[in-house]
Amino acid sequence: MKPLFNTKVLTSRNQTADLLKGVAVLSMILIHLFENIGSQSMESTIYGKIAFFLGGPPAAPLFMIVMGYFLAGSNKSATLQLRRGLILLLGGILLNIGLNFSLLIKILQGTSTLNPLKFIFAVDILPLAGLSIITIAFLNPLFKRFAEAYMLLAVAVVLLGKLLIDFIPLDEKPLDYIIAFFVGDYEWSYFSLIPWLSFVLVGYSIKLFSDRLGEGFDIKRLYRNVFYVVFGFIFAFTFDYATNITSNLPVYYKFDFLFFLWTLFFLLGFSLLVNDLEIKFSNSIILKYIKWIGINVTSFYVVQWLLIGNISTYFYKEDARIEIMLIWFVAVLAVSTFVVYLWKNYLQKILQSLSKK
(Lines give C-alpha, C1' and ligand atoms only; values in the text may rest on other atoms or scores of the structure.)
Protein backbone atom coordinates (compact mmCIF):
# COMPACT_ATOMS: atom_id res chain seq x y z
CA MET A 1 0.00 0.00 0.00
CA LYS A 2 1.02 3.57 -0.53
CA PRO A 3 2.06 5.56 2.54
CA LEU A 4 -0.73 7.58 4.13
CA PHE A 5 1.35 10.76 4.16
CA ASN A 6 3.10 12.04 1.05
CA THR A 7 6.17 13.78 2.50
CA LYS A 8 6.97 15.53 -0.79
CA VAL A 9 3.49 17.01 -0.96
CA LEU A 10 3.63 18.13 2.67
CA THR A 11 6.98 19.88 2.39
CA SER A 12 6.00 21.72 -0.80
CA ARG A 13 3.02 23.42 0.84
CA ASN A 14 2.31 25.94 3.60
CA GLN A 15 2.22 23.40 6.40
CA THR A 16 0.81 25.76 9.03
CA ALA A 17 -2.13 26.53 6.73
CA ASP A 18 -2.72 22.82 6.11
CA LEU A 19 -2.55 22.21 9.85
CA LEU A 20 -5.11 24.96 10.48
CA LYS A 21 -7.44 23.54 7.84
CA GLY A 22 -7.07 20.08 9.33
CA VAL A 23 -7.94 21.40 12.79
CA ALA A 24 -10.98 23.18 11.32
CA VAL A 25 -12.27 19.94 9.76
CA LEU A 26 -11.78 18.01 13.01
CA SER A 27 -13.71 20.74 14.82
CA MET A 28 -16.49 20.50 12.25
CA ILE A 29 -16.78 16.74 12.73
CA LEU A 30 -17.08 17.28 16.46
CA ILE A 31 -19.79 19.93 16.23
CA HIS A 32 -21.74 18.01 13.57
CA LEU A 33 -21.87 15.00 15.90
CA PHE A 34 -22.85 16.98 18.98
CA GLU A 35 -25.40 19.04 17.08
CA ASN A 36 -27.09 16.07 15.38
CA ILE A 37 -26.51 13.00 17.55
CA GLY A 38 -25.84 14.47 21.00
CA SER A 39 -28.92 14.92 23.16
CA GLN A 40 -30.23 18.36 24.09
CA SER A 41 -29.39 17.68 27.73
CA MET A 42 -25.73 17.28 26.78
CA GLU A 43 -25.60 20.76 25.20
CA SER A 44 -25.76 22.44 28.63
CA THR A 45 -22.97 20.31 30.11
CA ILE A 46 -19.32 21.37 30.17
CA TYR A 47 -18.62 18.79 27.44
CA GLY A 48 -21.35 20.24 25.25
CA LYS A 49 -20.17 23.82 25.76
CA ILE A 50 -16.59 22.89 24.88
CA ALA A 51 -17.73 20.95 21.81
CA PHE A 52 -19.89 23.82 20.57
CA PHE A 53 -17.05 26.27 21.18
CA LEU A 54 -14.60 24.09 19.25
CA GLY A 55 -17.22 23.94 16.52
CA GLY A 56 -17.30 27.75 16.55
CA PRO A 57 -14.22 29.97 16.03
CA PRO A 58 -11.74 27.11 15.34
CA ALA A 59 -14.07 25.68 12.69
CA ALA A 60 -15.96 27.75 10.09
CA PRO A 61 -14.39 31.19 10.85
CA LEU A 62 -10.88 29.71 10.78
CA PHE A 63 -11.59 27.81 7.58
CA MET A 64 -13.00 30.88 5.82
CA ILE A 65 -10.05 33.07 6.86
CA VAL A 66 -7.57 30.52 5.53
CA MET A 67 -9.58 30.27 2.31
CA GLY A 68 -9.54 34.05 1.91
CA TYR A 69 -5.78 34.08 2.52
CA PHE A 70 -5.16 31.67 -0.33
CA LEU A 71 -7.63 33.42 -2.61
CA ALA A 72 -5.50 36.55 -2.31
CA GLY A 73 -2.44 34.56 -3.38
CA SER A 74 -4.15 32.89 -6.31
CA ASN A 75 -3.21 33.76 -9.89
CA LYS A 76 -6.37 32.28 -11.39
CA SER A 77 -8.35 34.44 -13.77
CA ALA A 78 -11.73 35.86 -12.85
CA THR A 79 -13.37 33.36 -15.20
CA LEU A 80 -11.76 30.40 -13.44
CA GLN A 81 -12.65 31.85 -10.05
CA LEU A 82 -16.27 32.26 -11.09
CA ARG A 83 -16.32 28.71 -12.39
CA ARG A 84 -14.81 27.36 -9.17
CA GLY A 85 -17.29 29.33 -7.08
CA LEU A 86 -20.26 28.05 -9.07
CA ILE A 87 -19.03 24.45 -8.76
CA LEU A 88 -18.77 24.80 -4.97
CA LEU A 89 -22.22 26.40 -4.79
CA LEU A 90 -23.89 23.65 -6.80
CA GLY A 91 -21.73 21.02 -5.11
CA GLY A 92 -22.99 22.24 -1.75
CA ILE A 93 -26.60 21.69 -2.84
CA LEU A 94 -25.74 18.19 -4.08
CA LEU A 95 -24.01 17.51 -0.76
CA ASN A 96 -27.19 18.61 1.04
CA ILE A 97 -29.12 15.99 -0.92
CA GLY A 98 -26.48 13.36 -0.17
CA LEU A 99 -26.15 13.97 3.56
CA ASN A 100 -29.95 14.10 3.95
CA PHE A 101 -30.61 11.23 1.55
CA SER A 102 -32.06 8.85 4.14
CA LEU A 103 -34.25 11.63 5.55
CA LEU A 104 -35.47 12.66 2.09
CA ILE A 105 -36.43 9.03 1.42
CA LYS A 106 -38.55 9.08 4.57
CA ILE A 107 -40.21 12.30 3.44
CA LEU A 108 -40.98 10.79 0.02
CA GLN A 109 -42.40 7.69 1.71
CA GLY A 110 -44.63 9.85 3.88
CA THR A 111 -43.11 8.72 7.19
CA SER A 112 -41.80 12.24 7.84
CA THR A 113 -43.66 15.54 7.45
CA LEU A 114 -40.56 17.76 7.41
CA ASN A 115 -40.12 20.30 4.61
CA PRO A 116 -37.51 18.82 2.21
CA LEU A 117 -36.60 22.22 0.76
CA LYS A 118 -35.10 23.30 4.09
CA PHE A 119 -32.62 20.45 3.83
CA ILE A 120 -31.91 20.57 0.11
CA PHE A 121 -31.26 24.33 0.13
CA ALA A 122 -29.61 24.53 3.56
CA VAL A 123 -26.90 27.21 3.49
CA ASP A 124 -23.77 25.47 4.74
CA ILE A 125 -20.02 25.91 4.26
CA LEU A 126 -19.69 24.85 0.61
CA PRO A 127 -22.34 27.27 -0.73
CA LEU A 128 -20.77 30.00 1.40
CA ALA A 129 -17.33 29.20 -0.03
CA GLY A 130 -18.69 29.26 -3.56
CA LEU A 131 -20.51 32.56 -3.17
CA SER A 132 -17.48 34.07 -1.43
CA ILE A 133 -15.19 33.16 -4.32
CA ILE A 134 -17.67 34.63 -6.79
CA THR A 135 -17.90 37.82 -4.73
CA ILE A 136 -14.11 38.16 -4.50
CA ALA A 137 -13.87 37.74 -8.29
CA PHE A 138 -16.09 40.82 -8.70
CA LEU A 139 -14.30 42.80 -5.96
CA ASN A 140 -10.81 42.27 -7.38
CA PRO A 141 -11.13 44.79 -10.24
CA LEU A 142 -12.48 47.39 -7.79
CA PHE A 143 -9.97 47.16 -4.92
CA LYS A 144 -6.98 45.48 -6.60
CA ARG A 145 -4.34 44.87 -3.87
CA PHE A 146 -5.63 47.53 -1.48
CA ALA A 147 -5.59 45.53 1.78
CA GLU A 148 -7.27 48.20 3.89
CA ALA A 149 -10.31 48.23 1.60
CA TYR A 150 -10.98 44.53 2.14
CA MET A 151 -10.62 44.89 5.92
CA LEU A 152 -13.03 47.83 6.00
CA LEU A 153 -15.44 45.92 3.80
CA ALA A 154 -15.30 43.00 6.26
CA VAL A 155 -16.43 45.32 9.04
CA ALA A 156 -19.18 46.74 6.84
CA VAL A 157 -20.45 43.25 5.98
CA VAL A 158 -20.84 42.35 9.67
CA LEU A 159 -22.66 45.58 10.50
CA LEU A 160 -24.83 45.27 7.40
CA GLY A 161 -25.82 41.75 8.36
CA LYS A 162 -27.33 42.82 11.67
CA LEU A 163 -29.18 45.70 10.01
CA LEU A 164 -30.70 43.69 7.16
CA ILE A 165 -32.02 40.86 9.32
CA ASP A 166 -34.67 43.13 10.86
CA PHE A 167 -35.99 44.11 7.42
CA ILE A 168 -36.26 40.63 5.88
CA PRO A 169 -39.54 38.77 6.57
CA LEU A 170 -39.05 35.12 7.49
CA ASP A 171 -41.42 33.45 5.04
CA GLU A 172 -41.11 30.17 3.20
CA LYS A 173 -41.85 31.39 -0.30
CA PRO A 174 -39.73 30.08 -3.24
CA LEU A 175 -37.71 33.30 -3.38
CA ASP A 176 -36.77 32.96 0.29
CA TYR A 177 -34.74 29.84 -0.46
CA ILE A 178 -32.57 31.98 -2.74
CA ILE A 179 -32.41 35.00 -0.42
CA ALA A 180 -31.28 32.73 2.43
CA PHE A 181 -27.96 32.10 0.66
CA PHE A 182 -27.16 35.79 0.89
CA VAL A 183 -28.74 37.16 4.07
CA GLY A 184 -31.52 36.55 6.56
CA ASP A 185 -32.33 34.78 9.80
CA TYR A 186 -33.94 31.73 8.19
CA GLU A 187 -33.71 28.52 10.20
CA TRP A 188 -32.05 26.69 7.27
CA SER A 189 -29.53 29.51 6.61
CA TYR A 190 -26.50 28.70 8.74
CA PHE A 191 -23.67 30.39 6.84
CA SER A 192 -25.24 33.08 4.67
CA LEU A 193 -22.90 35.27 2.62
CA ILE A 194 -23.71 38.22 4.92
CA PRO A 195 -22.17 38.25 7.52
CA TRP A 196 -19.85 35.23 6.91
CA LEU A 197 -18.10 36.80 3.91
CA SER A 198 -16.40 39.03 6.50
CA PHE A 199 -14.02 36.24 7.56
CA VAL A 200 -13.03 35.56 3.94
CA LEU A 201 -12.31 39.25 3.46
CA VAL A 202 -10.18 39.30 6.63
CA GLY A 203 -8.11 36.39 5.35
CA TYR A 204 -7.79 38.10 1.98
CA SER A 205 -6.55 41.33 3.55
CA ILE A 206 -4.11 39.47 5.84
CA LYS A 207 -2.41 37.97 2.79
CA LEU A 208 -2.18 41.39 1.13
CA PHE A 209 -0.74 42.93 4.30
CA SER A 210 1.81 40.12 4.65
CA ASP A 211 2.90 40.55 1.02
CA ARG A 212 3.42 44.24 1.68
CA LEU A 213 5.51 43.57 4.80
CA GLY A 214 7.61 40.93 3.07
CA GLU A 215 8.54 37.35 3.88
CA GLY A 216 11.14 38.39 6.43
CA PHE A 217 8.55 39.88 8.76
CA ASP A 218 8.23 38.02 12.05
CA ILE A 219 7.02 38.74 15.57
CA LYS A 220 9.89 38.78 18.05
CA ARG A 221 9.82 35.90 20.52
CA LEU A 222 9.64 38.26 23.51
CA TYR A 223 6.65 40.09 22.06
CA ARG A 224 5.00 36.79 21.21
CA ASN A 225 5.42 35.50 24.76
CA VAL A 226 3.90 38.71 26.13
CA PHE A 227 1.00 38.30 23.71
CA TYR A 228 0.43 34.73 24.87
CA VAL A 229 0.17 35.92 28.48
CA VAL A 230 -2.28 38.68 27.56
CA PHE A 231 -4.17 36.29 25.30
CA GLY A 232 -4.46 33.73 28.09
CA PHE A 233 -5.88 36.26 30.56
CA ILE A 234 -8.40 37.71 28.10
CA PHE A 235 -9.46 34.25 26.92
CA ALA A 236 -10.00 33.03 30.48
CA PHE A 237 -12.16 36.03 31.41
CA THR A 238 -14.21 36.01 28.20
CA PHE A 239 -14.63 32.26 27.69
CA ASP A 240 -18.13 32.25 29.20
CA TYR A 241 -19.13 35.09 26.85
CA ALA A 242 -17.92 33.10 23.83
CA THR A 243 -19.49 29.79 24.87
CA ASN A 244 -22.83 31.48 25.54
CA ILE A 245 -22.83 32.54 21.89
CA THR A 246 -21.44 29.39 20.28
CA SER A 247 -23.87 27.16 22.22
CA ASN A 248 -26.79 29.28 20.97
CA LEU A 249 -26.58 28.46 17.27
CA PRO A 250 -29.11 31.00 15.93
CA VAL A 251 -27.09 33.76 17.65
CA TYR A 252 -23.77 32.30 16.53
CA TYR A 253 -24.84 31.99 12.88
CA LYS A 254 -25.86 35.67 12.80
CA PHE A 255 -23.03 36.98 14.98
CA ASP A 256 -22.64 40.65 15.87
CA PHE A 257 -19.63 42.94 15.58
CA LEU A 258 -18.39 42.32 19.14
CA PHE A 259 -18.23 38.56 18.62
CA PHE A 260 -16.59 39.15 15.23
CA LEU A 261 -13.79 41.10 16.96
CA TRP A 262 -13.50 38.49 19.71
CA THR A 263 -13.22 35.71 17.14
CA LEU A 264 -10.47 37.53 15.24
CA PHE A 265 -8.55 38.05 18.47
CA PHE A 266 -8.95 34.40 19.45
CA LEU A 267 -7.91 33.13 16.02
CA LEU A 268 -4.83 35.34 16.05
CA GLY A 269 -3.62 33.71 19.26
CA PHE A 270 -4.79 30.28 18.13
CA SER A 271 -2.98 30.55 14.79
CA LEU A 272 0.26 31.70 16.43
CA LEU A 273 0.04 28.74 18.80
CA VAL A 274 -0.59 26.30 15.96
CA ASN A 275 2.33 27.79 14.02
CA ASP A 276 4.63 27.30 17.03
CA LEU A 277 3.46 23.69 17.33
CA GLU A 278 4.19 23.18 13.65
CA ILE A 279 7.71 24.56 14.05
CA LYS A 280 8.51 22.33 17.04
CA PHE A 281 6.62 19.14 16.17
CA SER A 282 6.25 19.22 12.39
CA ASN A 283 7.46 15.62 11.99
CA SER A 284 5.13 14.11 14.60
CA ILE A 285 2.70 11.55 13.25
CA ILE A 286 -0.31 13.36 14.74
CA LEU A 287 0.51 16.68 13.10
CA LYS A 288 1.28 14.97 9.79
CA TYR A 289 -2.11 13.28 9.93
CA ILE A 290 -3.93 16.54 10.66
CA LYS A 291 -2.03 18.25 7.82
CA TRP A 292 -3.01 15.41 5.50
CA ILE A 293 -6.63 16.11 6.42
CA GLY A 294 -5.99 19.79 5.65
CA ILE A 295 -4.56 18.93 2.22
CA ASN A 296 -7.67 16.88 1.43
CA VAL A 297 -10.02 19.30 3.17
CA THR A 298 -12.88 19.26 0.64
CA SER A 299 -12.96 15.48 0.25
CA PHE A 300 -12.78 14.98 4.00
CA TYR A 301 -15.52 17.53 4.64
CA VAL A 302 -17.84 15.89 2.12
CA VAL A 303 -17.30 12.34 3.39
CA GLN A 304 -17.77 13.16 7.08
CA TRP A 305 -21.01 15.05 6.32
CA LEU A 306 -22.38 12.21 4.20
CA LEU A 307 -21.73 9.84 7.10
CA ILE A 308 -23.01 12.03 9.95
CA GLY A 309 -25.99 13.38 8.01
CA ASN A 310 -27.39 9.96 7.18
CA ILE A 311 -26.54 8.46 10.56
CA SER A 312 -28.38 11.25 12.36
CA THR A 313 -31.61 10.33 10.56
CA TYR A 314 -31.73 7.25 12.78
CA PHE A 315 -29.89 8.49 15.89
CA TYR A 316 -31.00 12.13 16.02
CA LYS A 317 -30.43 13.66 19.48
CA GLU A 318 -30.24 10.23 21.12
CA ASP A 319 -26.85 10.02 22.84
CA ALA A 320 -26.33 11.74 26.18
CA ARG A 321 -23.03 10.13 27.23
CA ILE A 322 -19.69 11.68 26.41
CA GLU A 323 -18.13 8.22 26.00
CA ILE A 324 -20.57 7.37 23.21
CA MET A 325 -19.93 10.71 21.51
CA LEU A 326 -16.18 10.06 21.55
CA ILE A 327 -16.76 6.63 20.02
CA TRP A 328 -18.84 8.26 17.27
CA PHE A 329 -16.05 10.79 16.69
CA VAL A 330 -13.35 8.11 16.37
CA ALA A 331 -15.57 5.98 14.13
CA VAL A 332 -16.46 8.82 11.74
CA LEU A 333 -12.83 9.97 11.67
CA ALA A 334 -11.59 6.45 10.90
CA VAL A 335 -14.14 5.77 8.15
CA SER A 336 -13.61 9.23 6.61
CA THR A 337 -9.84 8.67 6.59
CA PHE A 338 -10.23 5.29 4.89
CA VAL A 339 -12.65 6.59 2.24
CA VAL A 340 -10.60 9.71 1.46
CA TYR A 341 -7.42 7.61 1.25
CA LEU A 342 -9.05 5.25 -1.28
CA TRP A 343 -10.49 8.18 -3.22
CA LYS A 344 -7.24 10.15 -3.50
CA ASN A 345 -4.94 7.20 -4.18
CA TYR A 346 -7.08 4.86 -6.26
CA LEU A 347 -10.66 5.78 -7.20
CA GLN A 348 -9.87 9.31 -8.42
CA LYS A 349 -7.07 8.03 -10.63
CA ILE A 350 -9.28 5.27 -12.04
CA LEU A 351 -11.99 7.79 -12.95
CA GLN A 352 -9.41 10.07 -14.56
CA SER A 353 -8.01 7.24 -16.67
CA LEU A 354 -11.51 6.20 -17.77
CA SER A 355 -12.40 9.78 -18.75
CA LYS A 356 -9.37 9.92 -21.06
CA LYS A 357 -10.46 6.86 -23.02
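Me: Which residues of helix 7 (residues 101-109) are buried?

Reply: This is a predicted model, in which local features need pLDDT of at least 70, side-chain atom pairs count only at pLDDT 80 or more, and totals for chains, interfaces and linings use all residues. Residues are numbered from 1 along each chain as its sequence is written, and side-chain values use heavy atoms, with hydrogens and water left out. Helices are DSSP runs (H or I, at least four residues) numbered from the N terminus, and buried means under 20% relative accessible area, exposed over 50%, partly exposed in between, with a 1.4 Å probe and protein chains only. In helix 7 the buried residues are S102, L103, L104 and I107.

Me: Which helices do the buried residues of helix 7 pack against?

Reply: Contact here means heavy atoms within 4.5 Å. After helix 7 comes G110, with a positive phi near 85 degrees. The buried residues of helix 7 pack against helix 6, helix 8 (117-120) and helix 17 (297-315).

Me: How are helix 6 and helix 9 oriented to each other?

Reply: Axes are lines fitted to C-alpha atoms, for helices over the stretch in contact, and angles run from 0 to 180 degrees between N-to-C directions. Helix 6 (residues 78-99) and helix 9 (residues 125-143) have axes 7 Å apart and an angle of about 160 degrees. Angles under 35 degrees count as roughly parallel, over 145 as roughly antiparallel, 65 to 115 as roughly perpendicular and the rest as oblique. Helix 6 and helix 9 are therefore roughly antiparallel.

Me: Is A137 buried or exposed?

Reply: A137 is a residue of helix 9. Beyond residues up to four places away in sequence, A137 touches A78, Q81 and L82. With a relative accessibility of 9%, A137 counts as buried.

Me: How are helix 12 and helix 15 oriented to each other?

Reply: The axes of helix 12 (residues 193-213) and helix 15 (residues 257-281) cross at roughly 40 degrees and come within 12 Å. On the helix 12 side S198, F199 and V202 take part, and they meet F260, T263 and L264 in helix 15. Given the angle, helix 12 and helix 15 are therefore oblique.

Me: Which peptide bond is cis, with omega near 20 degrees?

Reply: Most peptide bonds are trans. With omega near 20 degrees, the cis bond runs from I194 to P195.

Me: Is K144 buried or exposed?

Reply: K144 sits in the loop between helix 9 and helix 10 (147-165). K144 is not a glycine, yet its phi is positive, about 50 degrees. Its relative accessible area is 54%, so K144 is exposed.

Me: Which residues does T243 contact, leaving aside its neighbours within four places in sequence?

Reply: T243 belongs to helix 13 (residues 221-246). At 2% relative accessibility, T243 is buried. Its contacts, with those neighbours left aside, are K49 and F53.

Me: Which residues of the largest nonpolar core touch the most other members?

Reply: A nonpolar core is a set of buried Ala, Val, Leu, Ile, Met, Phe, Trp, Tyr and Cys residues joined through side-chain atoms within 4.5 Å. Among the 104 residues of the largest such core, those touching the most other members are I29, L33 and F300.

Terms used:
Helices (H or I, at least four residues) and strands (E, at least two) are DSSP runs, numbered from the N terminus.
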